[in-house]
Amino acid sequence: MEKENTKVSSRRDFFKKSGAIAGGLLLVSMLDPLKQIKALAGEKPKGKGAWYGIGVDLEKCIGCGSCAKACKTENNVPKEPFFFRSWVEQYSVTANGVVKVQSPNGGVDGFKQPVLDKEIEKSFFIPKSCNHCAKSPCEQVCPVGATFISPDGVVLVDETYCIGCGYCVQACPYACRYLHPVKHTADKCTLCYHRIKKGLAPACITVCPTGAKIYGDLNDKNSDLVKFIKEHNCTVLKPHLNTKPKFFYNALKEEAE
Amino acid sequence: MGNFENLYQALQQVDGFIYPNEIELRWGILIVLYPYITGLVAGAFILASLNRVFNVKALNPIYEISLLASFSFLLVATMPLVAHLGRPDRFYEMLMTPHFTSAMAIFGFVYLWYLMVVLLLEIWFDYRRDIVLWSNEKKGPVKYIYKILTLGVFDISPKAVKWDEKIGYIITVVGIPSAFLLHGYVGFIFGSLKANPWWSSVLMPVVFLFSAMVSGISLVLFLYMVISWIRKQKLDMQCLDTIGKFLFYILIMDFTLEALDQVHRIYVSEESFDIISILMSKLFVTLTIMQVLLGTLVPVGILGFFQFHKPNEIIRKISYFLVSILVLVGIFFMRWNVVIGGQLFSKSFLGFTTYKASFFGAEGFGIAILLMAIPFGILAFMLWLLPPWKKTHE
Amino acid sequence: MPNQLRNLIIVFAIFVGLFLTARHFLVPKTFGDLGHYRADALQYNIDHEKKFVDTTLCSNCHTDISNSKYVGAHKLINCQTCHGAGNKHIENPTINKMEKSSEREFCAKCHAKNLARSSTVIKQVDITKHNIDSKCVNCHNPHSPEIKMAQVASNQNKKDEPAICIMCHDKIDKIKTKGMHKSVPCQSCHGEGLNHIKSPSKSNMFKPSKREFCGKCHGIGIAPKSKGIKQIDLKEHNIENKCIDCHIGHNPLEFK
């Protein structure tokens with residue numbers, strides 16, 4: 001697995017580099033090349049300014065779906081059960097290891113009290129949304145630069161510039177993206193960028209009744225999130241894909257990784 | 001608000017668990033057409049260059065047809081891509097601010113390179129002398145079309161014509177890697193997505209390339225037979241047999257590569273394998289029957305038989321015609337299985353959605369059929385404008 | 001250089017020129033300032049209207065509710081978790097009402113029994129069994145779920161006041177007031193309820209089911225004769241069954 005990982009990343013590095021060289025050559029002939037070449041320099045060095053991430057304590061999550069519901073309201077996400085920026089899944093594992101997952105309407109209406117099933121040995125909820133990956137595959141594949149990582153580490157979409165090709169939807173391993181049925185552009189969790197930049201918590205975190213979900217600045221040693229990660233045994237989703245997600249789960253069970 | 005009837009139906013038919021955003025299958029029939037058409041372009045061009053660069057004389061009768069077919073399909077290649085966009089009006093952004101880490105953005109430039117620098121120029125240099133001649137002979141408005149096409153150069157002295165030959169040759173040599181690049185790139189668009197185990201494969205660009213050659217050769221075979229039949233011209237059997245021979249070899253390479261890809265998948269059996277094995281059984285009709293059996297094994301059988309024993313001309317003609325159609329259909333389903341198949345299963349590896357396409361609508365089968373018909377119209381026009389059979393060959 | 005090549009290069013130069021000109025006008029102004037994107041898109045995202053408001057705005061008007069809320073188990077929960085986003089309500093409180101639900105299913109979203117819920121994090125009830133006739137808010141003050149119960153407990157000396165029972169069992173009261181048993185106090189049949197009031201789930205009330213129990217009032221020769229009470233011969237009247245197999249205890253002239 002290790003080996004495969006390095007292979008994949010070196011392939012991408014190669015691609016990035018050769019892309020950059022080809023791009024550089026092309027750009028020299030264009031009108032204001034310097035501006036573009038600066039842009040190619042790539043990722044912002046961590047350690048300067050904020051670098052946002054999210055955390056969830058799954059032991060505290062009660063699967064009420066408040067986060068999913070509030071997200072739809074706050075961000076004008078279409079109400080139909082096909083479009084979600086934030087949703088909740090319930091995993092149930094039987095004694096012989098069969099995994100059943102459900103997420104009716106993304107958990108927006110909550111979960112029905114399950115009929116008692118003696119087979120089920122453990123069960124848990126997982127709230128999900130964009131992982132705001134540091135090596136975001138969706139940003140990598142966007143052909144026009146409509147999806148980008150903000151200087152503070154939030155993966156955003158420029159809906160005035162997105163062409164709606166859906167390549168990012170295909171590239172996201174977590175299925176966090178959808179094509180907005182009215183705007184016809186890609187849409188996803190912004191970590192409520194309009195709220196956090198004004199010092200407010202994202203809507204999902206604002207309404208969480210148990211305080212299971214938090215967000216914070218990974219560069220700030222005193223932030224809630226950094227403390228949370230230090231104090232808990234946190235994991236991320238699909239770590240083997242090397243997307244460097246910044247959504248940290250405490251007590252994530254192996255069935256859901 | 002859009003009409004969500006299809007999605008509600010799909011929601012009813014979800015098998016197992018899929019992520020809530022995955023009910024809508026993002027890339028439909030139009031994205032199946034996109035690699036299909038691009039493949040035809042690359043394949044037809046490579047067949048043409050066999051004649052020119054590798055000097056396969058038997059292929060002389062189809063050189064111009066290959067080039068013009070390649071060109072006709074290339075003009076249409078981006079149409080399904082643009083038509084499927086959520087915001088087709090913003091398509092130009094891909095050329096204005098291409099994101100160099102995106103395979104899709106680079107495709108715009110690969111495409112332009114191929115269209116402007118390779119195909120157009122090769123056709124132009126090949127026909128230049130005839131265009132100049134025709135611009136003098138013809139009457140009426142057509143005359144002026146040819147005049148414009150000369151780009152103001154009327155020099156057809158032997159020296160100038162020799163230059164045409166020379167530059168044309170260089171372009172063909174450049175064109176072969178370009179054709180590889182063009183279709184390899186389309187494969188890379190899918191193969192580079194690590195999120196999708198059905199797509200993510202180093203072999204994907206190579207598999208796409210060989211399937212492109214297979215489909216392009218079949219297209220030319222098909223077109224040559226149909227055009228000759230319309231023009232009531234006798235088919236050049238030596239040419240047909242040569243195409244058949246190349247088709248046979250490349251089909252075997254293509255099949256071997258695809259089989260290698262699958263065998264590797266099965267043997268390595270990564271975490272995604274469970275879902276993929278169910279996927280393969282779900283794709284029984286399009287994968288096992290259409291792609292493998294009818295699209296590959298039957299043509300390989302027929303063509304292979306001809307390598308050892310050549311029956312009479314009638315049987316061979318009918319067989320070649322049949323083979324060309326089978327392969328064209330088979331490769332269409334190969335694209336289908338890649339594009340649609342890759343989106344049927346959830347990235348959670350726990351379930352499946354369904355593909356519901358309507359006939360009508362912006363991304364329906366109606367548009368797809370229309371898009372597939374356009375290149376034939378363009379080809380008819382090109383054959384009228386630049387008829388290969390009226391060219392002066394020395 | 002041959003003429004055809006020269007002219008071709010001119011044509012290409014024109015194309016490239018057109019492309020660069022188009023690019024000059026079509027690339028957005030701030031594109032590339034911070035990375036391969038429109039830097040203005042950051043502000044565009046920030047400008048999105050927010051819907052969930054600061055809850056100090058809620059307590060400014062609803063002081064009493066917020067006071068009671070801050071002492072109970074729901075004290076850390078944002079008002080808008082249950083009532084929805086407040087942006088429209090603060091603009092015009094009379095026209096735009098907040099969401100309000102008193103359905104059992106609404107409370108069940110958090111409190112229904114579920115293996116996936118940690119019992120240390122949240123109190124859960126089996127909603128298929130727990131006092132299914134009543135709405136949660138009848139017994140529990142949603143802003144401070146313990147309060148209403150505490151009030152009941154402190155009123156225990158007024159134990160014969162049916163109002164205490166009605167607080168939780170209003171549906172039964174509605175049935176009862178329609179029929180002959182309307183003036184019979186709950187205690188007459190169900191007994192003293194002190195323990196039940198203190199801890200409803202742990203101490204159940206007595207639920208009579210035997211024929212003899214009904215016979216205490218309605219049996220000929222058993223009950224003290226009293227005007228208006230229907231008398232039945234227990235030895236003859238449908239001796240196979242219990243009374244409550246046919247009669248609804250709370251409204252006996254209604255049949256099941």
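User: Is Asp89(B) buried, partly exposed or exposed?

Analyst: The model is predicted, so local features need pLDDT of at least 70 and side-chain atom pairs count only at pLDDT 80 or more, while totals for chains, interfaces and linings use all residues. Residues are numbered from 1 along each chain as its sequence is written, chains are lettered from A and ligands numbered from 1 in the order written, and side-chain values use heavy atoms, with hydrogens and water left out. Buried means under 20% relative accessible area, exposed over 50% and partly exposed in between, with a 1.4 Å probe and protein chains only. Because its relative accessible area is 48%, Asp89(B) is partly exposed.

User: Which residue forms a salt bridge with Asp89(B)?

Analyst: A salt bridge here is a side-chain nitrogen of Lys or Arg within 4 Å of a carboxyl oxygen of Asp or Glu. For Asp89(B) the closest N and O atoms of the pair are 3.0 Å apart. The partner counts as partly exposed at 24% relative accessibility, and it is Arg87(B).

User: Which residues are joined with Lys391(B) into one network of salt bridges?

Analyst: Lys391(B) counts as buried at 11% relative accessibility, and Asp126(B) counts as buried at 15%. Salt bridges that share partners join Lys391(B) into one network with Glu64(B), Asp126(B) and Asp130(B).

User: Where in chain A are Glu89(A) and Lys128(A), which form a salt bridge?

Analyst: The closest N and O atoms of Glu89(A) and Lys128(A) are 3.0 Å apart, and both residues are buried. The two are 39 residues apart, with Glu89(A) in strand S2 (residues 86-94) and Lys128(A) in strand S4 (residues 120-129).

User: How many salt bridges does the rule find across the interface of chain B and chain A?

Analyst: Here 46 residues of chain B are in contact with 60 residues of chain A. The two chains bury about 4,700 Å² between them, 62% of it on carbon and sulfur atoms. Asn21(B), Phe100(B) and Lys194(B) supply 17% of the area that chain B buries against chain A, more than any other three residues. The number of salt bridges across this interface is zero.

User: What is the distance from the sulfur of Cys107(C) to the nearest cysteine sulfur?

Analyst: A disulfide is a pair of cysteine sulfur atoms within 2.5 Å, and the structure holds zero of them over all chains. Cys107(C) is in no disulfide, and its nearest cysteine sulfur belongs to Cys136(C), at 3.8 Å.

User: Which residues are in contact with Phe213(C), leaving aside its neighbours within four places in sequence?

Analyst: Phe213(C) is found in helix H14 (residues 211-218) of chain C. With a relative accessible area of 19%, Phe213(C) is buried. Its C-alpha atom is separated by 8.5 Å from that of Cys189(C), 24 residues apart along the chain. The contacts are Ser188(C), Cys189(C), Phe206(C) and Pro208(C).

User: What is phi of Leu151(B)?

Analyst: Most residues other than glycine have a negative phi. Leu151(B) is in the loop between helix H6 (141-149) and H7 of chain B, and is partly exposed, with a relative accessible area of 28%. Its phi is positive, near 55°.

Note on methods: Contact = heavy atoms within 4.5 Å. Buried area = accessible area lost by both parts, 1.4 Å probe. Helix = DSSP H or I, 4+ residues; strand = E, 2+ residues; numbered from the N terminus.
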